[in-house]
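Hello,

Here is the structure I promised to pass on. My notes follow below it.

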Amino acid sequence: MNQQILTKYIKNGFHIHLIHAFLQHITKNTYLSATFSIKLYSLNYFYWYGTLYTYLPNPRHNWVKQFIRFTDTGHIASALPLIVPSALPVAHNVHFIIMAGYWFGRLAFGLKDADRIADDGNNGLIDWHTDLCTFIHHTVPYLLIHTLWLEEWNHRDIMCSYEYRYETLLRTYTWLYAWFFFIYLPWRMYTGDTVYSILDLKQTSKPVMFGFVGFIHLLVFLSNFIGYFVCTLL
């Protein structure tokens, strides 16, 4: 019985909280430890539950889904400033779009997670923890971006004097369209998976869908403006 309980908590990713705490302790780097741990949530989830989906002919390959959503590009955005510090503004914009798009869609449009697996009493899913991990994925990375700003506040003339301009806006739109044409569309055409319920015309009317798409485009502009404003304040 104890072994079953332990397995259930491991499958739901509770041990990742301990890994996160350990990484924070040894690195003293909040950004690095949190960024790494957040990615572990999705890795752990699809390792244990990927075979329950039907996206691909071979269920063992469904783990690929964790790289398809726009939110998943946020892991790349989080890593970029650690390699190329000048990529921080684009990373900020991407995470702002992820966070604002998710919460606006959830609260204003009542959108639900299209990938959510219901607990049937056999798969061992703990719903509240799954929700918690989803909220973390769509909120914490944006907050973490600001810790990099605070750490580099003495370089604010370098960080903010030129990045939040037209070039940053263009790069953010390029990021969005690159995901759409090179990741989202091929996946949808091959699997039929709409990824987001609001992009499924069987569940959403065209006016609502196009309205939300237009809102996402507005978020790109808004993210760039907010980034410049906050960075200037810091």
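Start with Q66. It touches K39, S42, L43, F46 and D72, not counting residues up to four places away in sequence (contact means heavy atoms within 4.5 Å). The side chain of Q66 also makes a polar contact with the side chain of K39, at 3.3 Å. A polar contact is a pair of N or O atoms within 3.5 Å; within protein, one must be able to donate a hydrogen and the other to accept it, and residues adjacent in sequence count only if both atoms are side-chain atoms.

Some ground rules. This is a predicted model, where local features need pLDDT of at least 70, side-chain atom pairs count only at pLDDT 80 or more, and totals for chains, interfaces and linings use all residues. Residues are numbered from 1 along each chain as its sequence is written, and side-chain values use heavy atoms, with hydrogens and water left out.

Confidence next (pLDDT, the predictor's confidence in each residue, runs from 0 to 100). The protein has a mean of 87, and 91% of its residues reach 70 or more. Helix α7 (residues 156-160) is lowest, at a mean of 50, and helix α2 (residues 15-27) highest, at 95. Helices are DSSP runs (H or I, at least four residues), numbered from the N terminus.

Back to Q66: it sits in the loop between α3 (30-49) and α4 (70-83). Q66 counts as buried because its relative accessibility is 2% (buried means under 20% relative accessible area, with a 1.4 Å probe and protein chains only).

Lastly, I216 touches I97, G101 and L176, again leaving out residues up to four places away in sequence.

Best wishes

Notes
Helices (H or I, at least four residues) and strands (E, at least two) are DSSP runs, numbered from the N terminus. Buried means under 20% relative accessible area, exposed over 50%, partly exposed in between (1.4 Å probe, protein chains only).
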